[in-house]
Every structure is written in structure tokens, then in C-alpha cells.
Amino acid sequence: MSNPVFTRNKVFTERTPGGYPTMPGYQVGGGATQTYPGDAPQVSYAPERPQQFPTPQGQEQYGTTSASRPVTMDDVLIKTVVTFGTLLLFGAGSWALTATNPGLGMSVAFVSMLVALVLGLVNSFKRCPSPALILGYAAFEGVMLGGISSLFAALYDGVVVKAIVATLVTTLVMLVLFKTKVVRNSPTLMRVITVGMFSIFVFYLGNMVVSLIAIGLAAFSLVTDFDYIVTAVDNGAPQETAWTAAFGLMVTLIWLYIEFLRIFAYFASDNN
């Protein structure tokens, strides 16, 4: 299961044979090298037959078009900053509106939630990333989160700041664990996340225990997201893939933030 934004696109999930990095001309057992019975398989490089990956509809094969260079980590970082900047900008406006007029603010937030849901589904199923639709999703998610956060801040003092800090700290911790290979994306981790997500969706009871489980699942989902992004970069995916990566990260981080908001509100309500 994991994040469907990544799992639906092969450039995030398929690796080159034997774990070798993607490179023009790489193929296993290719070339004109003569072999004899009992010899080990030969690995050769044939520039005239470049390694290619499945191409999203409407795009040229990766690495063969002059209009799009391979994606880099800098591309992913820039697109992520742009999308989250859009979310924060619209979130701030929604926060201010809800603080001054709670009824109107929450109505706008509810409509934005529905629009964000539709855009999220469209972006998830699109094979070619659309920057306009992804930024639109970020904007409407920002309006929804801004309204909800403003309401929570009025009801439970300090929970929004705690949720934001907890989300950032969790993201950094999981990134460090991923980079140091303490926690790795593996079939076992994928099975745990899949079973956990299914259980959450079916038995979402809204209490403290379920929120804590959801926070753990969202945190470990970040590991799979990071691994998908690294795979896309290693596979030489087109530059536009950075938008998909930014969108996928946003989906997981919004989930993580909402769960932290819920758990801190739970503790705050117990103290009142």
C-alpha cells in the first residue's frame, strides 16, 4: 500500500537489475562478448542500446529528451519548498479569517477540504505531474488546515505550535534514520504499514491509542517516501518528477501534522 502517489509511478518503485544505478547503455548480459557453457553471466555496456524505463503518457523516454533533464535532489527540495510555501501562505489567510469570523472561516475550510480531496485524487492518478494542480492542492489544503488549526488554537492553547514542532522534529529524525540506514524501506516495513493503515481506516475510533498508532505509521511512511525519491533520482527520472515527489511528501506530512494536532488536543482536553 504505502503512499499511492509514489507506488503508482514506476520510476519511484522499480530499480535497475542487481541494484546497479541507472546509466546510459547499461544492460545485463548484453554486448558481443562470446561466452561458453559454464561461464558466469557477463555484464557489459552497450551505448547504442540505452537503459530505459516506462514513460508517462505524453513524455519522451527518460534521458532521451532535450526538454527534460534527469531529476536531482535539489529539484525535489525546491519544489517541496514551493508547495509548502503555498500551503503556509493560504493557511495563514484562512487562519486569520477563521479567527475573526469562525462561522465563515470553517465553512470556507470545509469547502476547501472537498476541493483538496478531489485535487488529491486527480494528482494521484495523473501519470504526468501538473504543477498547477499540485499547487492548487497545496492552496486548498492550506485553507483547510488554516481553518482547522485556528479552531484548535482557540479551543486548546498551544496545541498548534506543539503539533508543528512535533511534525518537523519527527520528519528530521526519520530523515536522519533513513540516511544513516538505521531504518530502511523493506518488504517487512511495507507490510507493517499496509496492515496498520488498513486497520486505521477501518477502525478509526478517534481516541488517543489510535492517534498514537497513526503517528507511528505516518512517521515510518516518511522512510518509504524518502526511499521512493532516492530511487527516482537514481533511475534518472525526468525533472518534472520533483513535483510528484513534493506532492507525495506533502500528503504524508499533512497526515502526520493532523495526527499530532489530534493527540495534543486530546491531552489538553484531559487537563481542562
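**Entry 1**

The label is set by cut-offs: buried means under 20% relative accessible area, exposed over 50%, and partly exposed in between, with a 1.4 Å probe and protein chains only. The model is predicted, so I note that local features need pLDDT of at least 70, side-chain atom pairs count only at pLDDT 80 or more, and totals for chains, interfaces and linings use all residues. Residues are numbered from 1 along each chain as its sequence is written, and side-chain values use heavy atoms, with hydrogens and water left out.

**Entry 2: aromatic pairs**

I counted five aromatic pairs in the structure. Rings of Phe, Tyr and Trp (its six-membered ring) pair if their centres lie within 6.5 Å; planes under 30 degrees apart are stacked, over 60 edge-to-face, and the rest tilted.

One of the pairs is Tyr-137 with Phe-247, edge-to-face, at 5.0 Å centre to centre and 85° between the planes. I see that this pair links distant parts of the chain, 110 residues apart: Tyr-137 is in helix 5 (residues 131-155) and Phe-247 in helix 9 (residues 241-271). Helices here are DSSP runs (H or I, at least four residues), numbered from the N terminus. Tyr-137 is buried at 6%, and Phe-247 is buried at 2%.

Tyr-266 forms an edge-to-face pair with Phe-267, at 6.0 Å centre to centre and 80° between the planes. I looked up Phe-267 too, and its relative accessible area of 39% makes it partly exposed.

**Entry 3: Gly-146**

I went back to helix 5 for Gly-146. Gly-146 is buried, with a relative accessible area of 5%. Which residues does Gly-146 contact, leaving aside neighbours within four places in sequence? I found Gly-91, Ser-94 and Trp-95, where contact means heavy atoms within 4.5 Å. I also noted Gly-105, which is 41 residues from Gly-146 in sequence and 9.0 Å away in space, C-alpha to C-alpha.

**Entry 4: the largest pocket**

I then turned to the largest pocket, which holds about 1,000 Å³ of space. A pocket is an open set of points on a 1 Å grid where a 1.4 Å probe fits, with protein on both sides within 12 Å along at least five of seven lines; lining residues have an atom within 4 Å of a point.

The lining has 31 residues, and Thr-80, Phe-84, Leu-168, Thr-171 and Leu-253 lie nearest the centre. Helix 3 gives the most, with 11 residues. By class I found 23 nonpolar, seven polar and one charged; Ala, Val, Leu, Ile, Met, Phe, Trp, Tyr, Cys and Pro count as nonpolar, Asp, Glu, Lys and Arg as charged, and the others as polar.

Technical notes:
Helix = DSSP H or I, 4+ residues; strand = E, 2+ residues; numbered from the N terminus. Points joined across faces, edges and corners; volume = space filled by probe spheres on them.
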